[in-house]
Amino acid sequence: MKEKVIEIIDHFEKVEKQFSTPEVIGNPELMKKTAKERSRLEPVVKKGRDYIELIKQIEEVNELLSADEEEIVHLAKEELTELSSKIITVEEELKILLLPRNPNDAKSIIMEIRAGTGGEEAALFAADLFRMYSHYAENANLSLKILDANETGIGGFKSITFSLNGEGAYGKLKFESGVHRVQRVPKTEAGGRLHTSAATVAVLPEAEDADIEIRDEDLKIDTYRASGAGGQHVNKTESAIRITHIPTGLVVTCQDEKSQHKNRSAAMKVMRSRLLAAEEERLARERAETRRSLVSTGDRSAKIRTYNFPQNRVTDHRINYTAHNLENMINGDLISFIEQLQLADQQEQLTGISTG
């Protein structure tokens, strides 16, 4: 590991020097790229320098073990024990920092929430999940924009698609994909019986043009009159867009914008992201043949979490993590779950490296 750390530190120092070169100073795009690389390397280099310093200290203390004075040897052994404990901790932290990064983690995302089993109660739960992610986005400085929504009459959503824009959105929320189950007594339930319903969540990294190629001849584009809230234009103009990707059969609709052009642009953004996610899921399934993934299997049909209202309990079934703070979570406090899922994913990757 020492050689790897030294190599990264050398590379970081070269990147640092590039900031003062005319070619970087005069090129905003290159400056941005160089700054991003420096930011990525900085935590590794900081921890790496601590690691190199500890190695140096251990080497110096080892030399004292051959001293003639018994007291010096005794003190050296004590210090060596302390340094050895420190370097083990730093090594573990470095291993996590050196894990390969998912290139999508820094991207903005498209989220899709769909009501599942449970009728109107499932649609109300889908609306609860949307509010949960909305509150989280506000606290995390992520910009939310609704792209398409299919509302029910009493405040629920059959489906809703929206974007969350901001650095690192996908890295924070990628583990939210899957089936979310709710257990509670519906307001419409006169008998007070506990009801179970579900909604599915899909988290897609926002695809750029370079990520995936879509040919015009592979698209079928239809226009129609929008429905729902939005004023007179929704019923009088064909501003809504339906795009079908013929090779895969994927269909995307968008009607939230007032103009056909904006709806088409938004729908294409969702289409690119869905196609990129489909390709990533295919690769995830291939990887799963050799190593089972604990946190992110790429299977959106997997039940991942249960929200039990009577017990104020939320359980993530992938990592057997439970918290009794359902009200806070519905109000956007996802931090503890995000951290636990990221930790589980890191530990799984480390296990895969050590056994692979």
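Is E217 buried or exposed? At 56% relative accessibility, E217 is exposed (exposed means over 50% relative accessible area, buried under 20%, and partly exposed in between, with a 1.4 Å probe and protein chains only). This is a predicted model, in which local features need pLDDT of at least 70 and side-chain atom pairs count only at pLDDT 80 or more, while totals for chains, interfaces and linings use all residues. Residues are numbered from 1 along each chain as its sequence is written, and side-chain values use heavy atoms, with hydrogens and water left out.

**Sheet β6-β7-β8**

- Three strands form an open sheet in the order β6-β7-β8, and their pairing is antiparallel (two strands pair if DSSP finds at least two bridges between them).
- Strands here are DSSP runs of E with at least two residues, helices are runs of H or I with at least four, and both are numbered from the N terminus.
- The edges are β6 (219-224) and β8 (250-254); each has a single partner strand, so one side of each lacks a neighbour in the sheet.
- On average, neighbouring strands of this sheet are turned by 15° against each other, direction ignored (axes are lines fitted to C-alpha atoms, for helices over the stretch in contact, and angles run from 0 to 180 degrees between N-to-C directions).
- Strand β7 (residues 240-245) runs antiparallel to β8 and is joined to β8 by five bridges.
- R242 has T253 in β8 as its bridge partner.
- R242 also lies over the face of Y224, at 4.6 Å from the ring centre (a charge sits over a ring if NZ of Lys or CZ of Arg is within 6 Å of the ring centre and within 35 degrees of the ring normal).

**Salt bridges**

- Side chains of opposite charge can pair when their charged atoms come close.
- The structure has 17 salt bridges (a side-chain nitrogen of Lys or Arg within 4 Å of a carboxyl oxygen of Asp or Glu).
- E217 forms a salt bridge with R215, at 3.8 Å from N to O; R215 is partly exposed at 42% relative accessibility.
- K86 and E82 form another salt bridge, with their closest N and O atoms 3.7 Å apart.
- Both K86 and E82 belong to helix α4 (residues 70-97), where they are four residues apart, about one turn of the helix.
- K86 is partly exposed at 42% relative accessibility, and E82 is partly exposed at 48%.
- In the salt bridge of D128 with R131, the closest N and O atoms are 2.4 Å apart.
- D128 and R131 are three residues apart in helix α5 (residues 119-139), so about one helical turn separates them.
- D128 is buried, with a relative accessible area of 12%, whereas R131 is partly exposed at 39%.
- A network of salt bridges links E121, D128, R131 and R184.
- R184 from this network lies over the face of F309, at 4.8 Å from the ring centre.

**Aromatic rings**

- There are four aromatic pairs in the structure (rings of Phe, Tyr and Trp, the last by its six-membered ring, pair if their centres lie within 6.5 Å; planes under 30 degrees apart count as stacked, over 60 as edge-to-face and the rest as tilted).
- One of them is the edge-to-face pair of F130 and F157, at 5.8 Å centre to centre with 80° between the planes.
- This pair links distant parts of the chain, with F130 in helix α5 and F157 in strand β3 (residues 157-165), 27 residues apart.
- F130 and F157 are both buried.
- F130 and F162 also pair edge-to-face, at 5.1 Å centre to centre with 70° between the planes.
- Here F130 in helix α5 and F162 in strand β3 are 32 residues apart, so this pair too links distant parts of the chain.
- F162 is buried, as is F130.
- Through ring pairs, F130, F157 and F162 are linked into a cluster.

- D316 is part of strand β10 (residues 313-316).
- At 0% relative accessibility, D316 is buried.
- Neighbours within four places in sequence aside, D316 is in contact with I304, R305, Y321, F337 and L341 (contact means heavy atoms within 4.5 Å).
- Of these, L341 is 25 residues from D316 in sequence and 9.0 Å from D316 in space, C-alpha to C-alpha.
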